[in-house]
Amino acid sequence: MIFGVSYVPDAMLDQTLQFNFYDGGGLDIAFLGMAQMDMEGNVNSSKTGRLLSGCGGAINISQNAKRVVFCGTFTAKGFLAEIGDGELKILSEGSIKKLVDQVDQITFSGKYARKVKQPVLYVTERAVFELTEEGIMLTEIAPGMDLEKDILSQMEARPLISPELKVMDKELFED
């Protein structure tokens, strides 16, 4: 067993059994982090700049889960935000854009997910995207965000925009 530390676990499984579970599609839903995302739905969760942390079980988990939700901030390195009064306020924008034209390394394949019709969401503090047959579609934005200034201008490529673009519930942004 080489997984993370646990305190008084109810069960422990051998790593081989755990990966058999992932590879067999045992997960109904997986929530995973993302360092980068591109407009094809590909995700890089293993390489940032010159740092290669490795993919761990991310490929086994993400490609075999029945549904996947990738989570991460919209930008990195210097990003700072606060919530209050039902809105998101960007205090300092990150200098590194994470929604890019093409990811540096593919840890999750959007092409494969579309082929097997796997539902995929990409959730950030200010926007939610969905993987569609045509590519990445922006479906929700946080209250207080300006679509052009806070979202589209912080991306290297333009996503599809849902004709039913929604504003997230203000209650999510209450202090």
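Colleague: Where is Lys77 found?

Modeller: Lys77 is found in the loop between strand E7 (75-76) and strand E8 (80-84), where helices (H or I, at least four residues) and strands (E, at least two) are DSSP runs, numbered from the N terminus. This is a predicted model, in which local features need pLDDT of at least 70 and side-chain atom pairs count only at pLDDT 80 or more, while totals for chains, interfaces and linings use all residues. Residues are numbered from 1 along each chain as its sequence is written, and side-chain values use heavy atoms, with hydrogens and water left out.

Colleague: And what about the phi of Lys77?

Modeller: Lys77 has a positive phi of about 60° although it is not a glycine. Most residues other than glycine have a negative phi.

Colleague: Is Lys77 buried or exposed?

Modeller: With 63% relative accessibility, Lys77 counts as exposed; buried means under 20% relative accessible area, exposed over 50%, and partly exposed in between, with a 1.4 Å probe and protein chains only.

Colleague: Where is Asp85, and what is its phi?

Modeller: Asp85 sits in the loop between E8 and strand E9 (87-92), and its phi is near 55°, a positive value in a residue other than glycine. Asp85 counts as exposed, at 69% relative accessibility.

Colleague: Switching to helix H1, which of its residues are buried?

Modeller: In H1, residues 15-23, the buried ones are Gln18, Phe19 and Tyr22. They cover an arc of only 95° around the axis, which puts them on the same side of H1, the arc being that of the directions from the helix axis to the C-beta atoms. Helix H2 (58-64) is included in what covers these buried residues, with contact meaning heavy atoms within 4.5 Å.

Colleague: What caps the N-terminal end of H1?

Modeller: Asp14 does, with a side-chain oxygen 3.0 Å from the backbone nitrogen of Thr16. A polar contact here is a pair of N or O atoms within 3.5 Å; within protein, one must be able to donate a hydrogen and the other to accept it, and residues adjacent in sequence count only if both atoms are side-chain atoms. Just after H1, Gly25 takes a positive phi of about 80°.

Colleague: How many aromatic pairs are there?

Modeller: The count comes to five, taking rings of Phe, Tyr and Trp (its six-membered ring) as paired if their centres lie within 6.5 Å, with planes under 30 degrees apart counted as stacked, over 60 as edge-to-face and the rest as tilted. The rings of Phe19 and Tyr22 have centres 5.4 Å apart and planes at 80°, so this pair is edge-to-face. Phe19 and Tyr22 are three residues apart in helix H1, and therefore separated by about one helical turn. The rings of Phe21 and Tyr22 have their centres 6.4 Å apart and their planes at 55°, so that pair is tilted. Phe19, Phe21 and Tyr22 form one aromatic cluster, in which Phe21 is partly exposed, with a relative accessible area of 40%.

Colleague: Last topic: what is the order of the three strands in the open sheet?

Modeller: The order is E3-E2-E11, with mixed pairing, and two strands pair if DSSP finds at least two bridges between them. Strand E3 (43-44) and strand E11 (99-100) stand at the edges with a single partner strand each, so one side of each is left without a neighbour in the sheet. Strand E2, residues 36-38, pairs with E11 in the parallel sense over two bridges, and Met37 stands opposite Leu99 in E11.
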